[in-house]
Amino acid sequence: MKFMHRLFLCALLAGQDLSAQDFSYAVRATQVQFSGAGSIALREDSLGSLYGPVHWNNTGLRVPAAFVSGSRMAVSAAFVFRCSKAPDSIVLRGFGTDTIDFPAQTVALFPAGGVYTCTYPARAASKAFRAGFVDYYAPFTIRWELSLDKGARWLAADTTKHKVYVTRNSPMPELTAFKYYHTVLELSCKNAKGESTDTGIISKCWGEFTDQVVLNHKGDSLHYYKTFNTSNTSLPGLMRYRNAQCYTFAQLFASLVKIQGVSRTNNYVYITPQSKSSPCGGTINRFLVRNWNFGVKSDAVSCPSFPYRNTYTGTYITPSGYVFTSADVSDRIGVSGQCNKNPSSFFNNHQITKFDGVYYDACYGMKFSSLADIKTRAFDAWGVQLSPGSYNFTSDMSQGDLIEIISTF
Amino acid sequence: MILYLVLALCAGSSLYAQPAIERKIIIEHGQFYFFTIDEETQLATLHTGAVTGKLNRARSYPVPIGRERTDAFNPLCFDISGNTLTGINWILNSNNSRYEALKQIDLRDWKKPRQDWTSEDWAQLSFDQPVLAPNVPWQEMIEANNVLDNCFFDLVQIESKVMAICNQGRLRIWSFAGGKWTPLSKPVPVGFTTYFSLVSVKGAGIAVIDGKGSVYRLDEASGTMSKVKNGNADRPQVLIVDYDNYKTYTLPEEAIRASGFLSVKELIPHAEEIVF
C-alpha cells in the first residue's frame, strides 16, 4: 500500500502560532478488521478452516468480510504515524462506499521505534447494509482521514479496499457438507447482487452454472470429472480438489441458495434406474449420458433387447477414461460438464437439485421439467450386468425409467 | 489419545477428524474385529486381533467396503461370521448401486498385504464385490415413500440375514433366507433421530438399540416391537458383540479411545451389558 506522504504546515494544522516550524507527516494503515453482530465467519476452501480475525494488512493479506443485510459492520484499523513532533492524540474517521461511514474517534499515539502507532477501535458504521437485499462490494473502499486539531481540519490518511459480501438473510446453519466457504459466498453474492426474493436469488445463482464454467474465488476451474475416476463426492472435496462427482455440484448450487437464507426442503434429488429386470435377466442398473457410439451388437442373438456388450477386467474406470476389454459401445464427446467437454458418462446414479418444481442439473448447467425429460434429452442407453465383468446396453430408452429419491440438503 | 493416533496410522491419512470405531466391535473365536472409516475416501479399514491383545496392536487391512458421511449419519453396517463379512457398501459414488449394496465378502481375500491401489481403485472394487441379496428392504421403503427423513438401517447375520430400515419415523425388519426376503415386522412407528443398531443373541431374538441405548425387542410372532429398556446415553456408544459368550455390551466410544492400551477383554468389565 502506498505510503501517504503529506507535507503539512503543522503550525496551521495544530492551530499554533504561525512562527512554528513546518513538519512532515506520513501515515499508513497497517491492519483492518471487520466485525459486528451480523458478521458471517468465512472458511477458506481448501481445508474449510475459518479465516482469522484480520481482513487486511499492509503486507498483502486480503480476506473478505461477510455480513447479513440490515446489519451494521464495525471496523477497527491500525495505523503507523510518522512525524517529527507528534501530538498525544489524533482523531480518525473513515468514509466508506455507499456512505457507510465510520465516525470520528480520538485515538492515542504510542511511540514505537521512531514512529507512532494508533488504533481506530472497533466502531459500528453510520448505517446498516440495505435490509433484505444481496450485495457484493468489490471493492468496499474506506477513505481514512485524520485530524491533528480535534476535528477542526481533516487530512487524507490512507485508503483501504476490501471485498465485502452481504447476504439477504442469515445463512442456513452449517451442516456436514454445507459450510460457509469463501467460494460459496463469492459466487452467490456476485451472481445474486441486488436480489431480494427467493426466486430471484435461485435464478441468479443458477446463472453461475449455465455457461459450464464454474470458477472458485481465485479463478480456478471447478471440474466435473476432471478425471473419470474421481471419488470426491462432497462439497468439501470439490472445494479442495476442484475435481469431483455430480453430488458436489448439486451441493454447490444448493449452497449458493442456502447461504442467502433461502430455505427449501426436499431440494436434493438422487436419480437412478428403476430396479426393473431386463428381459435377459439381471436388474437394469446403469445409464449412459450422451454421446456414445453404438457399434457391433455382440449379443444380438442371446439378448436382443440389450444387444450391446462391453467387457472389462478389474478397474475399468481410469483417470483418462474407460478401459474395456471389448466394447460394442464407446464414449464420444457429448454433453459438456462444468469445465469439461467430455466428463465421465457411465453411471448408476446422478445427483441434481429441485427448486419449486424444476430440476436443476448443476453438473451440466441444464434444467429439466420432469424425470422423463432427463431420460429423453440426456441419455443414450440403459445398462444391465448379466454376468460379472460385463455390461449389456440398449439404446431403446423405453426399456427403463428413472426413479428419484429425495432428501434435503 | 494414543488410540486415536494408532487408528489414524492404521487407517491412513485423512483430511477429517481421526477415525472412530464404526458402530461395534465383534468378538468371535477369541478374535476381535472392528472397522474405521476414512471420512474423505469413505473406505473401511478392518482392525483385528486376539481379545487378550492390546487394541493398539491390531492388525489392519483395507477392505473394499465403506459408507458415506451425511447429516443423517449411519455408520457402517457389517457382521462377521468366520471368514465371511456381511455388510452394506454405502459408499456414495455414481457407480455404486444401492440396490446391489448388500455384500458378502470373504475376508481371506483381503487379510493379506495388498498392492498400492488408489482410493479410487478400492472404491471400484467395492462396487463389484459379490452381492449378498438385492436390497429389497430399501426398494420397498422407497416405493412406499421416496422422501428420506431420518433414514437409518443396519444388517446382521444370525441364522439368516436380518436387516432393519427406518425412514420418516417408520421401521421395518426383514429376514433374508433361502434366496428370498420376508418381512419380520409390520412398519412400526419409531422416533429415531440418530442411527440404531440391530443386535441378536442366540435364543434371545432380535432387538434394536437406539442412540440413547434404549432397547426394543421384536416379537416375531406378532411382528411388533416393544421397548424393554430405557436408555439415557448422551455420548456416542459402541457395541461390543461377543458371539463367543452370547452377550452384547455398550461402552462410550470416548472411554474406548481413552483406554488406549486395554484389550477388549479388559474393556468388557467397564461396559454395560445389554440384557434382554
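These legends walk through several close-up views of a predicted model.

**View 1. Chain A as a whole.** Let's start with the overall outline of chain A. Its C-alpha atoms fill a box of roughly 110 × 40 × 30 Å along the principal axes. The radius of gyration of chain A is 29 Å, while a compact globule of 409 residues would come in near 22 Å. If you go through the secondary structure of chain A, you'll find six helices and 29 strands. Of the 409 residues in chain A, 44% count as buried. What about contacts that reach along the sequence? Taking contacts in chain A between residues at least 6 apart in sequence, 68% join residues at least 24 apart.

**View 2. Where domain 2 of chain A meets domain 3 of chain A.** Chain A splits into domain 1 (4-167), domain 2 (186-266) and domain 3 (269-407). This view picks out the last two of these, domain 2 and domain 3 of chain A, whose C-alpha centres lie 24 Å apart. Their contact draws on 26 residues from domain 2 of chain A and 23 residues from domain 3 of chain A. Which elements of domain 2 give two or more residues to this contact side? They are α3 (198-206), β12 (223-224) and α5 (246-258) of chain A. Of these, α5(A) gives the most to the side of domain 2 that touches domain 3, with seven residues. Sorted by class, that side of domain 2 of chain A has 16 nonpolar, seven polar and three charged residues.

**View 3. A loop residue of chain A, A:Thr59.** Look for A:Thr59 in the loop between β3 (56-57) and β4 (65-68) of chain A. Is A:Thr59 buried or exposed? It counts as exposed, because it has 7 C-beta neighbours inside 10 Å.

**View 4. The side of chain B that touches chain A.** Now we bring in the second chain. The contact takes 25 residues from chain B and 24 residues from chain A. On the chain B side, α2 and α3 (136-144) each supply at least two residues. Helix α2(B) has the largest share of that side, with six residues. By class, the side of chain B that touches chain A has nine nonpolar, eleven polar and five charged residues.

**View 5. The seven-stranded sheet of chain B.** Here seven strands of chain B form an open sheet in the order β4-β3-β2-β1-β17-β18-β19, with mixed pairing. At the edges you'll see β4 (59-66) and β19 (272-274) of chain B, each pairing on one side only. On average, neighbouring strands in this sheet are turned by 25° against each other, direction ignored. Helix α2 (residues 119-127) of chain B packs on the sheet, where it touches β3 (43-50) and β4 of chain B. The direction of this helix makes about 60° with that of β4(B). For a closer look at one pair, follow β1 (residues 24-28) and β2 (residues 31-37) of chain B, which pair in the antiparallel sense over three bridges. In this pair, B:Ile27 stands opposite B:Phe32 in β2(B).

**View 6. The three-stranded sheet of chain B.** This open sheet has the order β5-β6-β7 (chain B), and its pairing is antiparallel. Five bridges link β6 (residues 84-88) of chain B to β7(B), in the antiparallel sense. Across this pairing, B:Ile88 stands opposite B:Leu102 in β7(B).

View 7. Four bridges join β13(B) to β14 (residues 206-209) of chain B, and the two run antiparallel. Here B:Ser200 stands opposite B:Ile206 in β14(B).

Key. Residues are numbered from 1 along each chain as its sequence is written. Chains are lettered from A and ligands numbered from 1 in the order in which they are written. This is a predicted model: local features need pLDDT of at least 70, side-chain atom pairs count only at pLDDT 80 or more; totals for chains, interfaces and linings use all residues. Two strands pair if DSSP finds at least two bridges between them. Axes are lines fitted to C-alpha atoms, for helices over the stretch in contact, and angles run from 0 to 180 degrees between N-to-C directions. Two residues are in contact if their C-beta atoms, placed from the backbone, lie within 7 Å. Domain bounds come from an automatic or database domain assignment. Ala, Val, Leu, Ile, Met, Phe, Trp, Tyr, Cys and Pro count as nonpolar, Asp, Glu, Lys and Arg as charged, and the others, Gly among them, as polar. The radius of gyration is taken over C-alpha atoms; the globule rule is 2.2 Å times the number of residues to the power 0.38. A residue is buried if 20 or more other C-beta atoms lie within 10 Å of its own, exposed if 12 or fewer, and partly exposed in between; C-beta atoms are placed from the backbone.
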